[in-house]
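Work through the exercises below with the sequence and the model in view. Each task is followed by a solution in steps.

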Amino acid sequence: MIYFDNSATTKPYAAALETYTKVASHYFANPSSLHKFGQKVRELHEEARKQIATLMSARTEEIIFTSGGTESNNLAIKGIAHAYQNRGKHLITTQVEHPSVKNVMQELEQNGFSVTYLPVTETGQIRLEDLKKALRKDTILVSIMHVNNEVGAVQPIQEVADLLAETEMPLFHVDNVQGFAKMELDLVKIDAMSISGHKLHGLRGTGVLYKKNKLNLQPEMLGGGQELGLRSGTENTAGIVALAKAMRLSLEDFQKKVSNLTNLRDFLLAEISKLDGVTIHTDAASSAPQIICFSVKKQRGEVLVHALEEKEVFVSTTSACSSRAKLESSTLHAMKVPENQATGAIRLSLSYENTSYEAEQFIGILKDILQKINEVVK
Ligand SMILES: Cc1ncc(COP(=O)(O)O)c(C=O)c1O
């Protein structure tokens with residue numbers, strides 16, 4: 001099997017699974033229980049928070065555990081919008097966000113907020129001038145993803161952070177679900193950042209919202225007041241301890257891993273671009289090292305996905321969410337890729353565990369499939 005669908009989800013590290021099983025079977029008490037068994041679990045939970053804070057150069061109280069990227073994005077955006085609405089009701093985001101940002105923004109629009117959706121260039125980046133023009137006195141939040149999940153485009157997060165840091169408002173949230181452990185990011189001028197466990201070889205149902213100490217958030221989930229009152233519900237301690245392990249492993253030898261990923265991506269890009277009728281939608285110079293998006297002339301993306309699946313090769317159309325909903329990729333649309341190409345796009349997303357042997361095999365399989373398709377078309 002060749003698994004090139006790591007932006008949809010990754011295979012959990014064996015060590016993370018082992019940690020999960022160990023904690024879930026031996027330390028199953030509720031960390032809020034007063035007895036010493038519960039307190040031992042609380043210690044593990046807080047130790048995981050400390051480790052993650054250290055890995056991210058953050059403070060322990062800035063780490064909030066959630067169920068994943070979607071929840072972190074919801075908590076950050078709605079939490080900020082509701083906590084700061086007395087300062088203004090204008091929000092800025094981009095046209096290429098994941099639905100867990102886009103749909104939240106749309107809901108806020110229905111509830112009296114106004115939202116500016118920044119356009120992107122042909123390679124998928126926002127322009128700082130557009131952001132400057134969009135900023136208003138009543139702008140309370142700018143939310144921009146770091147790495148786009150459909151084409152891999154990297155946004156100029158540091159430049160945006162520098163610009164926004166000049167004034168107290170607006171606050172800055174970054175969806176870093178596809179960027180964490182793939183691209184470096186300095187948190188100093190970022191107010192909130194979302195991370196998802198299952199995208200970095202941790203387990204599903206785990207995630208982090210980093211939130212700056214000074215930031216107020218209105219909680220979305222009410223109940224027993226866990227996670228500093230921001231996210232009620234009995235904690236998933238086993239998943240969280242496994243997440244700390246997965247994050248540490250993902251960041252270990254970071255430069256080497258990223259350089260291997262980049263080599264693999266560049267090899268695939270070079271080989272794919274030699275094939276007849278292929279258009280590449282990922283600009284290597286301004287993209288993350290793990291994602292390649294391309295389309296084949298007159299082919300629908302799902303036809304290619306299924307043809308590859310027959311050879312035990314697993315990829316997606318542009319994103320797992322849009323592929324189910326059979327929607328044209330909103331990122332490619334915003335990049336002004338013609339519709340007949342956008343509906344034919346597929347995404348390869350790599351992990352540190354993929355090898356050059358798999359990349360070579362993939363190219364051979366893709367060539368065979370395209371040759372057969374072309375013969376049928378003739
Ligand atoms: C950029 C981005 N943000 C958020 C999410 C949602 O993360 P999760 O699946 O952990 O809810 C995804 C998932 O694909 C994503 O790619």
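A polar contact is a pair of N or O atoms within 3.5 Å; within protein, one must be able to donate a hydrogen and the other to accept it, and residues adjacent in sequence count only if both atoms are side-chain atoms. The model is predicted, with local features needing pLDDT of at least 70 and side-chain atom pairs pLDDT 80 or more, while totals for chains, interfaces and linings use all residues. Residues are numbered from 1 along each chain as its sequence is written, and side-chain values use heavy atoms, without hydrogens and water.

**Exercise 1.** Find how far a side-chain N or O atom of K199 is from an oxygen atom of the ligand.

*Solution.*
Step 1. For K199 the distance is 2.6 Å.
Step 2. A polar side-chain atom of S196 is also placed 2.6 Å from a ligand oxygen, and for T70 the value is 2.6 Å.

**Exercise 2.** Describe the shell around the ligand.

*Solution.*
Step 1. The ligand is surrounded by 14 residues (a heavy atom within 4 Å), with T70, D175, Q178, S196 and K199 the closest.
Step 2. Helix α3 (residues 69-83) supplies the largest share, three residues; helices are DSSP runs (H or I) of at least four residues, numbered from the N terminus.

**Exercise 3.** How are α1 and α7 oriented to each other?

*Solution.*
Step 1. The axes, lines fitted to C-alpha atoms over the stretch in contact, have angles from 0 to 180 degrees between N-to-C directions.
Step 2. For α1 (residues 14-26) and α7 (residues 237-251) the axes come within 8 Å and cross at roughly 155 degrees.
Step 3. Angles over 145 degrees count as roughly antiparallel, so α1 and α7 are roughly antiparallel.

Technical notes. Helix = DSSP H or I, 4+ residues; strand = E, 2+ residues; numbered from the N terminus. Parallel < 35°, antiparallel > 145°, perpendicular 65-115°, else oblique.
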